[in-house]
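Here are my notes on this model, in the order I went through it. Have it open in your viewer while you read.

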Amino acid sequence: MIEIKVPATSANIGVGFDCLGLAVSLYSTVLFEPSDKKLTISGCPEGFQNSHNLIYQSFVAACNFLQRPIPKIKITIQNNIPISRGLGSSAFCIVAGLAGANAWFGQPLSKTQLLELATKVEGHPDNVAPAIFGKMMASFIDDDHNVQTVPFELANNLHFIAIIPNYTVNTDQARKILPQEMTYQTATYQMGHAIALSKALEIGDFSLIKTAIVDKMHEPYRSQLIPDYHRVKQICENNAAVMYISGSGSTMMAITSDELISQKSFKELKKDFPQWEVLQLEIDTTG
Ligand code: HSE
């Protein structure tokens with residue numbers, strides 16, 4: 001039996017649209033076992049227990065890439081990553097399926113090759129890169145269509161709180177509402193902020209994080225899809241935390257500069273949103 005464990009991920013981190021992502025300490029697991037039947041899937045809603053399942057599709061994609069026969073297989077999913085909430089649930093499925101097939105055939109693919117395949121399936125690397133390598137990753141597709149990654153070790157004074165609404169945001173819709181173009185002025189703003197944010201997260205400079213995380217590329221548009229965005233942002237700011245939309249939402253991720261502030265913000269958010277999941281998370285470094 002093969003067991004693959006994949007962390008949840010939080011993409012964009014405010015100003016790093018489609019380029020920055022980090023892995024957090026919330027995990028899902030998939031078991032792959034030989035079977036007499038062509039395909040058995042459990043641990044997900046009935047409508048996903050078929051050959052269209054993204055984990056299975058990704059498993060098949062890896063088999064095809066390796067030019068190996070697709071085995072008869074039993075897939076058991078133990079999912080803890082909320083679906084369609086901007087915490088990398090698709091990346092989990094893709095990475096689990098690819099890594100499962102890779103393990104099945106004796107690990108012929110490197111992590112870099114898995115990332116290339118995963119990015120082809122997902123379309124952008126910002127969730128799949130940290131799902132594979134852990135930590136925070138900057139990633140982009142170069143002119144030769146290869147995925148380039150830059151890992152960042154984050155300072156250990158930083159703490160993360162995932163504020164997960166009881167409603168979803170559809171990523172396709174959240175991409176469609178974005179403008180097709182932006183000005184040089186906005187691009188320059190965005191580049192400067194993204195570079196500064198990456199360094200600020202690495203050295204744990206909370207004041208710089210607060211200044212640098214302010215996004216102009218997607219959050220102003222996507223905040224319209226999250227009715228509680230402004231309320232959550234205000235609560236975070238009142239508690240000395242910064243907040244960004246995780247991936248395309250609906251989750252909002254708060255960052256605090258120390259453990260005590262994190263505990264206080266966590267309690268406040270839990271109290272204000274009793275129907276939601278609010279999770280204290282650390283950066284995943286297992287890779
Ligand atoms: N970077 C992606 C987006 C993450 O914001 O649309 C969601 O998959």
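1. Start with strand β7 (residues 159-164) and strand β9 (residues 252-256): they pair in the antiparallel sense over five bridges. For bookkeeping, strands pair if DSSP finds at least two bridges between them; helices (H or I, at least four residues) and strands (E, at least two) are DSSP runs, numbered from the N terminus. His159 has Thr256 as its bridge partner in β9.

2. Before going further, note that this is a predicted model: local features need pLDDT of at least 70, side-chain atom pairs count only at pLDDT 80 or more, and totals for chains, interfaces and linings use all residues. Residues are numbered from 1 along each chain as its sequence is written.

3. The β7/β9 pair belongs to an open sheet of four strands, ordered β8-β9-β7-β10, with antiparallel pairing. β8 (242-245) and β10 (277-281) are the edge strands with a single partner strand each, so one side of each has no neighbour in the sheet. Ignoring direction, neighbouring strands here are turned by 20 degrees against each other on average. Axes are lines fitted to C-alpha atoms, for helices over the stretch in contact, and angles run from 0 to 180 degrees between N-to-C directions.

4. Two helices go with that sheet. Helix α9 (residues 229-238) packs on it, touching β7, β8 and β9, and its direction makes about 155 degrees with that of β8. Helix α10 (residues 259-272) lies across β7, β9 and β10, running at about 10 degrees to β7. Contact is taken as C-beta atoms, placed from the backbone, within 7 Å.

5. Now for β2. Strand β1 (residues 2-11) and strand β2 (residues 20-34) run antiparallel and are joined by 10 bridges, with Ser10 opposite Leu22. β2 also pairs with strand β4 (residues 73-78), antiparallel over six bridges; there Leu31 stands opposite Thr76. Three bridges link β2 to strand β5 (residues 136-141), again antiparallel. Leu22 turns up here too, with Met136 as its bridge partner in β5, while Gly21 faces Met137.

6. Follow Met137 across and you reach Pro151 in β6, which stands opposite. β5 and strand β6 (residues 147-152) pair in the antiparallel sense over six bridges. Their hairpin has five residues between the strands, and His145 takes a positive phi near 70 degrees in it.

7. How do α2 and α3 cross? The axes of helix α2 (residues 89-104) and helix α3 (residues 111-122) come within 10 Å and cross at roughly 140 degrees. That makes α2 oblique to α3 (under 35 degrees is roughly parallel, over 145 roughly antiparallel, 65 to 115 roughly perpendicular, and the rest oblique). Residues of α2 including Ile94, Val95 and Leu98 meet a set in α3 with Leu114, Leu117 and Val121 among them. By class, this contact has nine nonpolar, two polar and one charged residues. Ala, Val, Leu, Ile, Met, Phe, Trp, Tyr, Cys and Pro count as nonpolar, Asp, Glu, Lys and Arg as charged, and the others, Gly among them, as polar.

8. Last, the ligand. Among the residues around it are Asn12, Asp18, His124, Asp126, Arg175 and Ser248 (the criterion is a C-beta atom, placed from the backbone, within 6 Å). Helix α5 (residues 171-176) supplies the largest share of this shell, three residues. The shell divides into three nonpolar, six polar and three charged residues.
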